[in-house]
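I opened the model to look up a few local features. My entries follow, in the order I made them.

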Amino acid sequence: MARACSTYARMTDTPLLEDRIAAALTREVMPEVRAFAERLGNHAGALGVVFYGSNLRTGSLEGVLDFYVLLPGAQVERVWPRVSYHEWSCNGVPLRAKVATMALETFRSAAAGERLDTTIWARFVQPSALAWQRDAAAAEGIAAAVAGAARTAARLAVALGPASGTAEDYWRALFRATYAAEFRVEKAGREDSILAVNRAHFDGLLPLALESAGIPFKISGPTLHPQLSTGQRARTLAWWARRRRLGKPYNVLRLLKASTTFEGAARYAAWKIERHTGVPVTITPWRERHPVLAAPGVLWHVWRRKKAGAP
């Protein structure tokens, strides 16, 4: 009989982390999403286009689809990713997308925790799908990068979490910490909802990621016992402390950049305003070129229309 508590041992039918991630990236998405991803990828000369976010989970085409377009070669922008908004009609279905574009190598290094960024690995340890790829080699490189996100997230999760606990205890500790480090407000318990709606994705992921990261642990039923040395924990927490301190300033810098370089920002804002207020906003050439300067006038227009009760 197997011991109740033993060091995790690889079984012959247990997939490697990389195998699991590569399979997960092939998850089914709507044909319209694949068509949109192909359009974006071909236009950008990309290696691949990754689809993520709530629409991936729900299968809905409503709202705004979220894509990462991953490019060959070196990163052009110092502050990345480049964000743009796109509208396209596919088979008569109007689609809207927010698109982040960056070099695959930068994505890989950020997922591996080699950058100061706190968003890539925390986002892509969650479900995503490779909606379009240039070829098999590109798909393999993207899967390897996403596997790096799982390793980075797992290392920090067990450093932040309890001495022993369930996988969910460690993932909760991770998401609480990363949300607190970013310049955005999330509802209390957001980490619980992530785990609840993505249970199948996270089931068994932490042991695979820890093994891939070279972190020993024991398992007793649903309880994990990470075997981190004092030095390993201290180094990981020091790595995290620097990123936590810079998380909000770096996010502000990205927001400031996006306010002046967000391609299609005026159309995106107009769609959001009409969706939430019912007041249509006309996009003039000046508003398209100067969305920040145009914002006060647009908001005044919306306020007057709402006050007058006009649609």
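I looked up where α1 touches α6, taking contact as heavy atoms within 4.5 Å: L17, E18, I21 and A22 in α1 meet A143, V146, A147, A150 and R151 in α6. I sorted the residues of this contact of α1 with α6 and got seven nonpolar, no polar and two charged. In that sorting Ala, Val, Leu, Ile, Met, Phe, Trp, Tyr, Cys and Pro are nonpolar, Asp, Glu, Lys and Arg are charged, and the others, Gly among them, are polar.

I note the basis here: this is a predicted model, where local features need pLDDT of at least 70 and side-chain atom pairs count only at pLDDT 80 or more, while totals for chains, interfaces and linings use all residues. Residues are numbered from 1 along each chain as its sequence is written, and side-chain values use heavy atoms, with hydrogens and water left out.

Helix α1 covers residues 17-24 and helix α6 residues 136-160; they pack at about 115°, with axes 9 Å apart. The axes are lines fitted to C-alpha atoms over the stretch in contact, and the angle, on a scale from 0 to 180 degrees, is between N-to-C directions.

**Whole chain**

I counted 14 helices and eight strands. These are DSSP runs numbered from the N terminus: helices are H or I of at least four residues, strands E of at least two. The chain has 311 residues, of which 44% count as buried, meaning under 20% relative accessible area with a 1.4 Å probe and protein chains only; over 50% is exposed and in between is partly exposed.

**D117**

What does the side chain of D117 contact? I found a polar contact of 2.7 Å between the side chains of D117 and T119. Such a contact is a pair of N or O atoms within 3.5 Å; within protein, one must be able to donate a hydrogen and the other to accept it, and residues adjacent in sequence count only if both atoms are side-chain atoms. A polar atom of the D117 side chain also lies 2.7 Å from the backbone nitrogen of I120. D117 sits in the loop between α4 (104-111) and α5 (120-124) and is buried, at 1% relative accessible area.

**Backbone checks**

I recorded a cis peptide bond from W80 to P81, with omega near -5°. P81 is in the loop between β3 (65-71) and β4 (82-90). N91 is not a glycine but has a positive phi of about 55°. I placed N91 in the loop between β4 and β5 (93-103), where N91 counts as exposed at 68% relative accessibility. I flagged both because most residues other than glycine have a negative phi and most peptide bonds are trans.
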